[in-house]
Amino acid sequence: MNTTIIGSGVAAWTLVRELRKASPEAEIRLITADAGDFYSKPMLSNAFASGKTAEALLMTPAVKLAEQQKTEIHIHTRVLEINLTDQKVKTDKGDFVYGQLVLGLGADTIDLPIQGDGNADTLSVNDLWDYAEFRKRVDGKSKVAVLGAGLIGCEFANDLLKANIHTTVFDLADRPLPRLLPPEGSAFMKNALSAQGIEWKLNRTVSSIEKSGAGYVLTDSTGEKTEADLVLSAVGLAPRTQIAKAAGLATDRGIVINEFGRTSDAHVYALGDCAQYHGQFVLPYIMPVMQAARALAKTLSGEETAIKFPAMPVMVKTPDCPAVVSPPLPGQEGAWEVEVTETGVKALFKGKAGELLGFALLGDASKERQALTPQLPAIA
Ligand SMILES: Cc1cc2nc3c(=O)[nH]c(=O)nc-3n(C[C@H](O)[C@H](O)[C@H](O)COP(=O)(O)OP(=O)(O)OC[C@H]3O[C@@H](n4cnc5c(N)ncnc54)[C@H](O)[C@@H]3O)c2cc1C
């Protein structure tokens with residue numbers, strides 16, 4: 001039976017590898033809107049200061065990988081519609097019939113509704129080709145405004161700083177990484193990066209970006225104006241659910257899948273940033289994708305296997321403030337216990353019975369990751 005996979009990110013390519021291992025004779029087809037080359041997406045937010053080009057980040061060209069994995073590949077081919085009844089995907093290059101279909105569609109960057117003639121020039125970096133454009137545009141610049149003080153915004157800000165570019169970070173929240181860190185952790189991160197030169201403009205939104213000479217002037221909700229040579233947006237990602245929704249598949253925050261990775265249609269599965277695992281949560285990080293791909297490959301090969309997630313802490317790639325986080329799941333009851341020292345923050349999120357449910361470790365405390373991770377409960 002033909003397995004058609006849409007996408008060529010880490011979800012799609014990991015699944016191809018795992019599927020080939022599980023089923024040497026499997027008929028695999030991959031359809032992707034981009035060039036299909038394999039690269040490590042997490043590298044995009046900390047590659048600039050070390051001078052890495054997009055070509056240097058490309059790990060394996062699509063054609064080579066497809067050949068190695070005996071996979072039929074269709075690059076620069078955008079899926080427009082899925083017909084669940086006929087088991088067919090319609091693309092801008094023709095129709096394809098599938099036996100089982102896997103959606104590895106990833107997530108879209110969120111665009112804020114900002115006024116001004118400069119907003120159209122705002123960049124987001126969500127794939128290797130965006131990174132190539134970012135490198136080209138940032139070359140020779142000295143002042144960058146970063147919109148968003150979450151994980152990706154802070155990582156880009158630290159990387160730009162390392163490249164001696166003055167960086168101002170804007171956020172509506174009053175502190176960096178508010179969804180991953182308790183306030184003491186955010187304060188530590190903010191101070192550590194301020195000490196190296198990052199300027200924070202928090203508690204405000206950017207209301208307009210106007211062109212000004214070769215650069216831009218940002219006006220924020222406090223009325224303050226900030227000059228920048230380039231504006232980089234990192235305000236968040238939204239799972240790509242549109243095609244699935246239009247086809248009639250169940251969607252919520254992401255494409256809803258059960259514990260086997262199956263959507264509301266028996267022949268369609270989802271994986272990676274577009275998926276809402278176990279019908280409940282999105283996990284837009286690399287390790288969960290790998291974990292889910294291994295189980296899904298077995299299910300697609302006929303051995304129904306539930307996707308299980310152990311705790312998988314995420315490293316925040318801010319070299320001026322090393323941090324590792326394993327946030328509690330949304331809605332989990334408990335409270336942070338926080339120890340702050342001159343050199344770090346150890347924050348443990350504990351449940352009612354004193355059990356460890358999550359952590360945030362910054363500075364020196366990040367060394368405790370290995371000792372603490374085994375104490376965390378599985379995510380699912
Ligand atoms: C800058 C940055 C830094 C990150 N750093 C970290 C980190 O340090 N640690 C960590 O764990 N995670 C990190 N992440 C998150 C991690 O990279 C993602 O969770 C992961 O790469 C998602 O992979 P994916 O295959 O699900 O999606 P993607 O890599 O986005 O792939 C989606 C694919 O679907 C294709 N596609 C979409 N729509 C269509 C269509 N209609 N037709 C055909 N093809 C289509 C796209 O072309 C693409 O090939 C980072 C993300 C970013 C953006």
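Student: Which helices each supply at least two residues of the shell around the ligand?

Tutor: They are α1 (10–22) and α8 (286–300). Helices (H or I, at least four residues) and strands (E, at least two) are DSSP runs, numbered from the N terminus. This is a predicted model, in which local features need pLDDT of at least 70 and side-chain atom pairs count only at pLDDT 80 or more, while totals for chains, interfaces and linings use all residues. Residues are numbered from 1 along each chain as its sequence is written.

Student: And which residues come nearest to the ligand?

Tutor: G7, G9, G106, G272 and Y285 come nearest, out of 34 residues around the ligand. A residue is near a molecule or strand if its C-beta atom, placed from the backbone, lies within 6 Å of it.

Student: What is the make-up of that shell by class?

Tutor: The shell around the ligand has 19 nonpolar, nine polar and six charged residues. Here Ala, Val, Leu, Ile, Met, Phe, Trp, Tyr, Cys and Pro count as nonpolar, Asp, Glu, Lys and Arg as charged, and the others, Gly among them, as polar.

Student: Where does the ligand shell lie relative to the domains?

Tutor: Domain 1 (2–108 + 238–300) and domain 2 (111–233) both give residues to the shell, so it lies between them. The domain assignment of the chain also gives domain 3 (322–375). Such bounds come from an automatic or database domain assignment.

Student: How many residues of domain 1 and domain 2 are in contact?

Tutor: Twelve residues of domain 1 are in contact with 15 residues of domain 2. Two residues are in contact if their C-beta atoms, placed from the backbone, lie within 7 Å. On the side of domain 1 that touches domain 2, there are seven nonpolar, three polar and two charged residues. The centres of domain 1 and domain 2, taken over C-alpha atoms, are separated by 30 Å.

Student: Let us step back to the whole chain. How many helices and strands are there?

Tutor: The chain has nine helices and 26 strands. Its C-alpha trace spans about 60 × 55 × 35 Å along the principal axes.

Student: What does the radius of gyration agree with?

Tutor: A compact globule of 380 residues would have a radius of gyration near 21 Å, and the chain has 22 Å, which agrees. That radius is taken over C-alpha atoms, and the globule rule is 2.2 Å times the number of residues to the power 0.38.

Student: What about the inside: which residues have the most contacts in the largest nonpolar core?

Tutor: L15, L103, M189, L271 and L296 have the most contacts inside this core, which has 107 residues. A nonpolar core is a set of buried Ala, Val, Leu, Ile, Met, Phe, Trp, Tyr and Cys residues joined through C-beta atoms within 7 Å. A residue is buried if 20 or more other C-beta atoms lie within 10 Å of its own, exposed if 12 or fewer, and partly exposed in between, with C-beta atoms placed from the backbone. Buried residues make up 42% of the 380 residues in the chain.

Student: What is L103 in contact with?

Tutor: Leaving aside neighbours within four places in sequence, L103 is in contact with I6, A244, I255, V268, A270 and C274.

Student: Moving on, is V324 buried or exposed?

Tutor: V324 is buried, because 20 other C-beta atoms lie within 10 Å. V324 belongs to strand β23 (residues 323–326). Beyond its neighbours within four places in sequence, V324 has contacts that include P313, V316, L361 and R369. The C-alpha atoms of V324 and R369 are separated by 7.2 Å, although the two are 45 residues apart along the chain.

Student: And K41, where does that lie?

Tutor: K41 sits in the loop between β3 (38–39) and α2 (54–57). Apart from neighbours within four places in sequence, K41 is in contact with G9 and V10; G9 is also among the residues that come nearest to the ligand. K41 is partly exposed, with 17 other C-beta atoms within 10 Å.

Student: One last topic: what is the phi of Q87?

Tutor: Q87 has a positive phi of about 50°, although it is not a glycine. Q87 is found in the loop between β6 (79–83) and β7 (88–91). N203 is not a glycine and has a positive phi of about 65°. N203 is in the loop between β13 (199–201) and β14 (206–212), and it counts as partly exposed, with 14 C-beta neighbours inside 10 Å.
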